[in-house]
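Please keep the sequence and the structure in view while reading.

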Amino acid sequence: MSYLGVGVSPGNVPVYHASNLKVVDRRVRIAELVLRCLICGLAVLAAVLIGTDTQVKEIFTIKEKAKFTEMKALVFLVIANGIAAAYSLVQVLRCIASMIRGNVLFNKPLAWAIFSGDQLMAYLSLTAVAAAAQSAVFAKFGQTELQWMKTCNIYGKFCNQVGEGMASAVIVSLSMVVLSGISAFSLFRLYGENKGKNTNSRW
């Protein structure tokens, strides 16, 4: 006897039908694909916005040019988003290939590799955003104790474009955190399925 697609084993242990598991798995894969496409696009946008940002100001007849390479935190952020975009593109192609073949479920070694990669990218993107945010605060408000001037008062256009790039990078980092949770779910569910099979085989 079953209710709402849930069967009851002889031991009164609820067992989900395989068809329901496939539906859930397909929805997870679609959500993963959408997130990876979003991350890829926004990471490219963040890298382009910050990497191409320049502004020239004339200070006491001397022309000074502001660019992202003047701040190591911004260089790190551009590199991190470039890596995130490339990694996400590879994962997008993997997701599309698996959906075309109809091979939605994957083995444990691959699941571990994806989980580890997603965790690494989440830490990398969060670290890059945190470092860039700290530098942005100094550029915006200065630091009187260290005699650091408010750079954004001089290079307003430069700071605005960097802010747009950082906003994209923040979304990328948060999406990577969500994605690492999805990959963790996909990984540990494989162990749950094996445990369920072993339990059913005893009956």
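Of the contacts in the protein chain with a separation of 6 or more, 75% join residues 24 or more positions apart; contact means heavy atoms within 4.5 Å. The model is a predicted one, in which local features need pLDDT of at least 70 and side-chain atom pairs count only at pLDDT 80 or more, while totals for chains, interfaces and linings use all residues. Residues are numbered from 1 along each chain as its sequence is written, and side-chain values use heavy atoms, with hydrogens and water left out.

**Chain and confidence**

The secondary structure comes to four helices and five strands, in the order β-β-β-α-β-β-α-α-α along the sequence. Helices (H or I, at least four residues) and strands (E, at least two) are DSSP runs, numbered from the N terminus. The protein chain has 203 residues, and 37% of them are buried. Buried means under 20% relative accessible area, exposed over 50%, and partly exposed in between, with a 1.4 Å probe and protein chains only.

The pLDDT, which is the predictor's confidence in each residue from 0 to 100, averages 79 over the protein chain, and 75% of the residues score at least 70.

**Nonpolar cores**

A nonpolar core is a set of buried Ala, Val, Leu, Ile, Met, Phe, Trp, Tyr and Cys residues joined through side-chain atoms within 4.5 Å. In soluble globular proteins, nonpolar side chains tend to be buried together. The largest core here has 20 residues, of which Ile 50, Leu 74, Leu 77 and Phe 158 touch the most other members. Helix H1 (18-51), H2, H3 and H4 each give two or more residues to this core, and H4 has the largest share, five residues. A second, separate core has 14 residues, including Ala 43, Ala 84, Met 176 and Leu 179.

Which residues does Phe 158 contact, leaving aside its neighbours within four places in sequence? They are Asp 53, Thr 54, Gln 55, Ala 66, Lys 67, Phe 68 and Leu 74.

**Buried residues in the helices**

Met 176, Ser 180 and Leu 190 lie in helix H4, whereas Glu 32 is found in helix H1. The table gives the relative accessible area of each of these residues.

| Residue | Relative accessible area |
|---|---|
| Met 176 | 1% |
| Glu 32 | 2% |
| Ser 180 | 7% |
| Leu 190 | 8% |

Met 176 counts as buried because its relative accessible area is 1%. Met 176 and Ser 125 are 51 residues apart along the chain, and their C-alpha atoms are separated by 7.8 Å.

Ser 180 touches Phe 115, Asp 118 and Gln 119 when residues up to four places away in sequence are not counted. For Leu 190 and Ala 111, the separation is 79 residues in sequence and 8.7 Å in space, C-alpha to C-alpha. With residues up to four places away again left out, Glu 32 touches Arg 94, Cys 95, Leu 179 and Ile 182.

**The largest cavity**

Rolling a probe the size of a water molecule over the atoms shows where empty space is left. On a 1 Å grid over the protein atoms alone, a cavity is a set of points where a 1.4 Å probe fits but cannot get out, and lining residues have an atom within 4 Å of a point. Grid points are joined across faces, edges and corners, and a volume is the space filled by probe spheres set on the points.

How many cavities of 30 Å³ or more does this rule give? The count is one, and the largest cavity holds about 40 Å³ of space. Its lining consists of Leu 77, Ala 80, Asn 81, Ala 84, Ser 125, Ala 128, Val 129, Ala 169 and Val 172. Helix H2 (72-101), helix H3 (108-141) and helix H4 (156-202) each supply at least two of the lining residues, and H2 gives the most, four.

Seven of the lining residues are nonpolar, two are polar and none is charged. In this division Ala, Val, Leu, Ile, Met, Phe, Trp, Tyr, Cys and Pro count as nonpolar, Asp, Glu, Lys and Arg as charged, and the others, Gly among them, as polar.

How values were computed
On a 1 Å grid over the protein atoms alone, a cavity is a set of points where a 1.4 Å probe fits but cannot get out, and a pocket is an open set with protein on both sides within 12 Å along at least five of seven lines; lining residues have an atom within 4 Å of a point.
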